Amino acid sequence: MRGGIRGRGRARGGHRGGHRSGRPKARNGRSPHTPEAKEGLSLRAKPAAPPPPAEDHPDTESEDEDEDEEKDESPEEGELQNKLKPYLTLLQSLRAKPDSAAGDDSERKRKRRKLDQELVIGDGGLDAESDIEEEKAEGEEEEEEEEGDEKAGSSDDEEDEDKADPFESHFASPPADFTKHIDAVKKNEWKVHKVVQPAGDIGKMTISVPASSGDAGTAHAEYIGKKVIKGIADLRLKPRLRAPHCEVTHPVQLALAPTVFSYTDLFFTTRTVSNAPHLRHLYVLHTLNHIYKTRDRVLKNNAKLSKHHLSSTLPPDQDQDLDLPPLRDQGFTRPKVLILLPTRHHAFQVINLIASLASPDQQSHRHRLDAEFGFDPTAERIPATKSADFRDLFEGNHDDLFRIGIKFTRKTIKFFSSFYNSDIILASPLGLRMAIGSTPEESAFTNGAVAANNKKHKSKSKKAKAGQDYDFLSSLEIIVIDHLTPMLMQNPAHLTFCLEYLNLLPKSTHETDFSRVREWYLDSHSQYFRQTICLSSCQIPTLNTLFTNHSRNALSGRVLTRPVSFPGVIADVSNLSLSFPPGTKIPQIFHRFPSSSPQTDPDTRFTFFTTHILPTLIAPPPRAPQRGILIFIPSYFDFVRVRNHLDSPSFLTPVSFGCVSEETPLPDVARARSHFASGRWRVLLYSGRAHHFRRYVIRGCRVVAMYGLGGGEGEAPEGTYREVVMVFSKWDALALERVVGTERVGKMVGGRGDVFEFM
């Protein structure tokens, strides 16, 4: 080895490789043979007393370690070193740290080691390894902030407990008979109150409270059904949220605030592009207020426990507080709020609003947040000709795979914190599902597919990760699902999967102090205390079922809103298509088919369409158009079924057709649209998901046959057409009402006749 092995000297300033030529080494890093050392020796070594016995010497062990090195010293050098030992011992004793300082240093190192072991769960399911060093640097500052809060007893606004505060009556001190309400909810026994709230265009409010709530439930229903606040002064907010920039002024905010801030479940079905920012402001203000109250309560109780611990160490005559009541103020894990959103852009809007209302001194990892969630200048620009709801949904970063944790300290908001250290979690249904992990059945299927692929390609890939982690969802107290309709278009199975894992008992303890866990958590009743807020642009049976199954609020009940009436859009087809000028009239024919149940509705619809509607559409001219027949199919499963029917050899009337779905490659989409516009293909099948994500304008269309009614904004295809044919059953009443209006839907669903024509 070149140059030999490099060693390390025992003291600073020493030579590499140890001592050279047996020369002695002084403890202060200075050789005793230098003029400075000899001069110091002549001035300080003479009055020195003989060295004390070994048992009294504090550095005996250290000196024994150097005996081997000192054996090679000359007699003069050894005598000189012995004379220096008392002086060096004095220097070392002066430099030694006090025990208290050493204890603080060891405690700080312990906290730093604990911080190093934390996993930062960020976007995309990856460990944020690039931020580990920054995490370490911020850890010491965060620990000091937490300790400062605990010494203060709470944060900047310690308040007395207000029994009339909904936070107190709902979470901290629920009524003694709340188990009766839980039993009523389990039996699906509700008392329904229907009111009309004209303020904010809320419309009809269907308020359901547990049947066992009695007069208290009726009073609560009247309060949230009629109360309209005047501003944040009417709300029980933390003082730091009573600033002017937190004010609520929009009519929809003033009308919904009593429902939201009373921890009542809400299903709001008239979310629009115009009122979406005001709804976002309302629920962000509510979640921040809840986080601050929860955190301040924990810190206040921490101070009580510290005071109690101090008093227990005093003499009996000075002990003032030995009988401390149980302090139950926590759940199993820290996260208390979950916000589900369709895209990163919507999450970025919510995060910016959180930072604006909270007004922290610092925002940790802000640069990473802007890079991963902010606007990408290289992204595709949305044309101004697209509808407003389309631009609102897909502008900015429209990636639907994300998740991020947000942690609050006294002065800082920390983004990309680990889920178990976060107060708020924002995620898409897909991102949250990937964070939870695969079910045992999915893991077995994935592992089998991986094994088959390895066998085919003779490779060795790792198996899919088995097991799930959903303990961070065990203590949620508020859930917000904003913009439900796009989530159904993405994949409704992801949303349903995530909701099934909320408020379950955790599999691990996660260092939980069970003496401070609320009793209704321990009894597995947390789902009956949770508040669920759903915001949607429409009301359809799928969303109704989703809200009903997962809204289990046994203390405050639930509220469903809908407009008093729908005017309908058939009076002016310019509402259905951007290509028509106002006032254009075209025939719109609605065919009703009998359907016995929602379960058999898809099969009945397919049979009716293929036997009654399709033959008339593709009949030889002049009975049917020679070209330009567009068949719009909202469900992809029905789309595949109709496509296979047209392509099957048993189909008696062969017809040229093309397909445009969300799975169709862009070159094939361009070719299909071109052939359809030129008349080369007589029929074009168009899926609802393709229309939702692309909003194509279909040229050359003469007749539009709607296999079913879509669910939400932009549900009709855009193009220039001369006739519309729609198929519906009584189970499509909610979607049909938005098209034909409230006055007509009753007669069309339950009246005489099966064919209805409008001009």
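In the predicted model, helix H12 (residues 344-358) packs against helix H13 (residues 366-373) with the two axes 10 Å apart and at an angle of about 150°. Because angles over 145 degrees count as roughly antiparallel, H12 is assigned as roughly antiparallel to H13. The crossing of H12 past H13 is left-handed. On the H12 side, the contact comprises Arg344, Ala347, Phe348, Ile351, Asn352 and Ala355; these meet Arg366, Leu369, Asp370, Glu372 and Phe373 of H13. By class, the residues of this contact between H12 and H13 are six nonpolar, one polar and four charged.

H15 passes H18 in a crossing that is left-handed. Pro429, Leu430, Leu432, Arg433 and Ile436 make the contact from H15, and Ala493, His494, Leu495, Phe497 and Cys498 make it from H18. The contact of H15 with H18 divides into eight nonpolar residues, one polar residue and one charged residue.

Buried nonpolar side chains were also grouped into cores. The largest nonpolar core holds 72 residues, and within it Phe408 and Leu426 touch the most other members.

Key
Residues are numbered from 1 along each chain as its sequence is written. This is a predicted model: local features need pLDDT of at least 70, side-chain atom pairs count only at pLDDT 80 or more; totals for chains, interfaces and linings use all residues. Side-chain values use heavy atoms; hydrogens and water are left out. A nonpolar core is a set of buried Ala, Val, Leu, Ile, Met, Phe, Trp, Tyr and Cys residues joined through side-chain atoms within 4.5 Å. Buried means under 20% relative accessible area, exposed over 50%, partly exposed in between (1.4 Å probe, protein chains only). A crossing is left-handed if the near helix is turned anticlockwise from the far one by less than a right angle, and right-handed if clockwise. Helices (H or I, at least four residues) and strands (E, at least two) are DSSP runs, numbered from the N terminus. Contact means heavy atoms within 4.5 Å. Ala, Val, Leu, Ile, Met, Phe, Trp, Tyr, Cys and Pro count as nonpolar, Asp, Glu, Lys and Arg as charged, and the others, Gly among them, as polar. Axes are lines fitted to C-alpha atoms, for helices over the stretch in contact, and angles run from 0 to 180 degrees between N-to-C directions. Angles under 35 degrees count as roughly parallel, over 145 as roughly antiparallel, 65 to 115 as roughly perpendicular and the rest as oblique.
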